[in-house]
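Visitor: Could you take me closely through the aromatic ring pairs of this model, and through the surroundings of the rings that form them?

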Amino acid sequence: MRFPTKSSKAAEGDMTPMIDMTFQLIAFFMVLINFSDAEQNERITLPLSSLAKPPDAPADTPLTLQLTREGTVLFAGDEVPLAGIKPFLLREKEVLTRTDRNPAEATVIIRADAATKTGVVQELIRSCQETGFEKFTLRAKQEEG
Amino acid sequence: MRIRHQASHGDEKIELQMTPMIDIVFQLLIFFIMTFKIAMPEGDFNIKMPLASSAPSIVDEIPLPPINVRLTAGPDGKISSIQIGERALKNFDELHQEIIALVGADAGPSAVASEAEVELDCDYNLEYRYTVEAITAISGRIVENAIVPLVEKVKFAPARPPG
């Protein structure tokens, strides 16, 4: 009968399955990572719609306005009350005009919270119109099923 | 006996240093887990909001009058009634059926649906989710996982004053 002679060597766990799994996890998260610069904010719960399919091509010259349920507008990192959005829109228009783009061609993307009052959304659209923006899209979250 | 000496060394198994690799791999793993964010797909509804032009342009054909859809809200912001023209409707499904009946289900460049226009007239305090639900009912339907557009021109009536 033979006994193992190398009893003095320290027992080593097999690392291979662990490394395999870790690489699998890394690959999984790498594939799913989303570096898109779409403006999103956790405070805003978009309304659901079964017709909300992602657009084929991103809008040229998009301008995202996010409307919270409190009635404030999140725009380019600032939170401004609805009544004070005009100067920001005028500044944006100025930037567009200086870079030879027509504000009327820019698309205003409105990400409004599902619990916002429709009248507030309309007021925001009205402010944009008075500034010179003409194209609007309302953003909704895709509904399953 | 140098050669033999070297040969005996070559028999030894070369052990790879695993520790730095595993360190880096775990760092990467942590990075990707931290930056992981589930983003639900989002979509857009185009709405037509032209400015009321002071000088009406001369057009050859008279455009179809817009289909008026009126949404009223209760004091809590929930939907309380839906009207199309003068007819009261029970829910958004009925609105959807009514729109199909008005513009026809056929799609195409000459279809009525591409010409028709819906004007949404909502109460000030109506929650936005119902407005989007109404736009969904108006603008299309899903047949076998594909979107069949109905009325694509949606606009808002002038906002009603709060209260």
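Guide: A residue is called buried under 20% relative accessible area, exposed over 50% and partly exposed in between, with a 1.4 Å probe and protein chains only. By that scale Phe32(B) is buried, at 9% relative accessibility, whereas Phe31(B), at 41%, is partly exposed. This is a predicted model, in which local features need pLDDT of at least 70 and side-chain atom pairs count only at pLDDT 80 or more, while totals for chains, interfaces and linings use all residues. Residues are numbered from 1 along each chain as its sequence is written, chains are lettered from A and ligands numbered from 1 in the order in which they are written, and side-chain values use heavy atoms, leaving out hydrogens and water.

Rings of Phe, Tyr and Trp (its six-membered ring) pair if their centres lie within 6.5 Å, and planes under 30 degrees apart count as stacked, over 60 as edge-to-face and the rest as tilted. The count over all chains comes to 5 aromatic pairs. Among them, Phe29(A) and Phe36(B) have ring centres 5.2 Å apart and planes at 75°, so the pair is edge-to-face. This pair crosses between chains, from helix H1 (residues 16–32) of chain A to the loop between helix H2 (19–35) and strand E1 (42–48) of chain B; helices (H or I, at least four residues) and strands (E, at least two) are DSSP runs, numbered from the N terminus. Phe29(A) is buried, with a relative accessible area of 11%, and Phe36(B) is partly exposed at 28% relative accessibility. The rings of Phe31(B) and Phe32(B) also form an edge-to-face pair, because their centres are 5.1 Å apart and their planes at 65°. Finally, ring pairs link Phe28(A), Phe29(A) and Phe36(B) into a cluster.
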